[in-house]
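Open the model in your viewer and keep the selection panel at hand. We will go from stop to stop, with a short note on what to look for at each one.

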Amino acid sequence: MTSSVPRTASKPFAGVELGGTKCVAILAAGPGAILDQRIVPTTVPDETLPALGAILGEWAGGPGFAALGIASFGPLDLDPHSPRYGRVLATNKSGWSDADVLGRLSAPFDVPTGFDTDVNGAALAEMRWGAGRGIDDFAYVTVGTGVGVGLVVHGRPTRGIGHSEIGHLRVPRYPGDSFESVCGFHADCIEGLASGTALKARIGDRAVADVSVDDPVWAPIVDALAAMCHALVCSTGPMRIAMGGGVMTAQPHLIPAINAALKQSLAGYMALPVEDYVVAPELGDLAGPLGAIAVAASAAEGHGITRMAAE
Ligand code: ADP
Ligand code: ZN
């Protein structure tokens, strides 16, 4: 499983995945070689970042690590020429707007360091070790509290104005769907119509676990997610799309429904490379932490943006 790790890498990689409720620090070379994994609650930067830094310091003084990967919730400034490079941008997560995640975590360590979104990391991890093996153009989607898309083109996560924000792509309304979007910015974006937050708002007082697979609530959700896949197919054209996150994991009937709706939406215009084009991720709960390791591995291979290059 670790065959894609360079043979020269005698030391493992260190990774930090920063999530909305918890962060994971991981020392690993791949899924089959996880040496240590620690959880730190996400509170405020002045607590969380030093706690993560202490773990990295412990590893640096022990087994050591060949590169560091940081995969964080966004939005992030990923432009090395920006004065805010490495920071979290405006977020409603209390205390985290403008937090210098990259600078504070990487400063003590003189190793190649990669910094990317959690979903770009998960996409890179699935490409190394999971559902995206052997392909260079891939998308990893999480449908959870929000909708995040890690988008990889020719082997690298997309850049430009920023990282991909495809969860905020606007999509046509499912006929008759008048649900009020839960996105604070957009009346009809995918996150606003089809995230776990939207699902909860759509079902009102009912528990998600009580919603059957043939409940009418799924149709507009499947429609919006298939429209997102349609946009991906017609834009960067991933060879495959993996869809995970809390909603997709708990509702496995969604993947075949999205595949069917996508085919119908494309209407024969573009041929998909495989029958099962939308798939479940293979790394499960490890996609996030291994995402940070994949970001570190990319940095070690010279593809990531290193801390030294940012200086
Ligand atoms: P996050 O995006 O915060 O990392 P998750 O990926 O774990 O979180 O997803 C959380 C979302 O999953 C919540 O919005 C919740 O509504 C949704 N969810 C939890 N259980 C179910 C379920 N049984 N069916 C559908 N959605 C669920
Ligand atoms: Zn939006």
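## First stop: the loop with D98

Select D98, which is partly exposed at a relative accessible area of 34% (buried means under 20%, exposed over 50%, partly exposed in between, with a 1.4 Å probe and protein chains only). D98 sits in the loop between β4 and α2; helices (H or I, at least four residues) and strands (E, at least two) are DSSP runs numbered from the N terminus. Look at its backbone: phi is positive, about 75 degrees, although D98 is not a glycine.

Before moving on, a word on conventions. This is a predicted model, in which local features need pLDDT of at least 70 and side-chain atom pairs count only at pLDDT 80 or more, while totals for chains, interfaces and linings use all residues. Residues are numbered from 1 along each chain as its sequence is written, chains are lettered from A and ligands numbered from 1 in the order in which they are written, and side-chain values use heavy atoms, with hydrogens and water left out.

Now pick P75, in the loop between β4 (68-72) and α2 (101-106). The peptide bond that joins G74 and P75 is cis, with omega at about 0 degrees.

## Second stop: the zinc ion

Select ligand 2, the zinc ion, and show what surrounds it. Which atoms coordinate the zinc ion? They are ND1 of H168, SG of C183, ND1 of H186 and SG of C189, at 2.1 to 2.4 Å. Donors here are N, O and S atoms within 2.8 Å of the metal (3.2 Å for Na, K and Ca); water is not among the atoms, so sites may look incomplete.

The angles among the four donor atoms run from 101 to 117 degrees, and the site is tetrahedral (four donors count as such if all angles lie between 85 and 135 degrees). Along the chain, the donors follow the spacing H-x14-C-x2-H-x2-C. H168 and C189 both lie in the loop between β8 (156-157) and α4 (190-194), so the pair ties together parts that are 21 residues apart in sequence.

H168 is partly exposed, with a relative accessible area of 22%, whereas C189 is buried at 0%.

Next, select F73, D118, T142, T145 and G146. Of the 47 residues lining the largest pocket, these are the closest to its centre. The pocket holds about 1,800 Å³ of space. On a 1 Å grid over the protein atoms alone, a pocket is an open set of points with protein on both sides within 12 Å along at least five of seven lines, a cavity is a set where a 1.4 Å probe fits but cannot get out, and lining residues have an atom within 4 Å of a point. Grid points are joined across faces, edges and corners, and a volume is the space filled by probe spheres set on the points.

Colour domain 1 (13-118 + 289-308) and domain 2 (131-281) separately: both give residues to the lining, so the largest pocket lies between them. The domain bounds come from an automatic or database domain assignment. Elements that each supply at least two lining residues include β1 (13-18), α3 (118-129), β6 (138-143) and α9 (287-300).

By class, the pocket lining has 15 nonpolar, 25 polar and seven charged residues. Ala, Val, Leu, Ile, Met, Phe, Trp, Tyr, Cys and Pro count as nonpolar, Asp, Glu, Lys and Arg as charged, and the others, Gly among them, as polar.

## Last stop: a few single residues

Select A267 in the loop between α8 (254-266) and β10 (278-279). A267 has a positive phi near 55 degrees without being a glycine, and it counts as exposed at 65% relative accessibility.

End in helix α5 (residues 196-203), where R202 is found. R202 counts as buried, at 18% relative accessibility.

Notes
Tetrahedral: all angles 85-135°; square planar, octahedral: opposite > 155°, others 65-115°.
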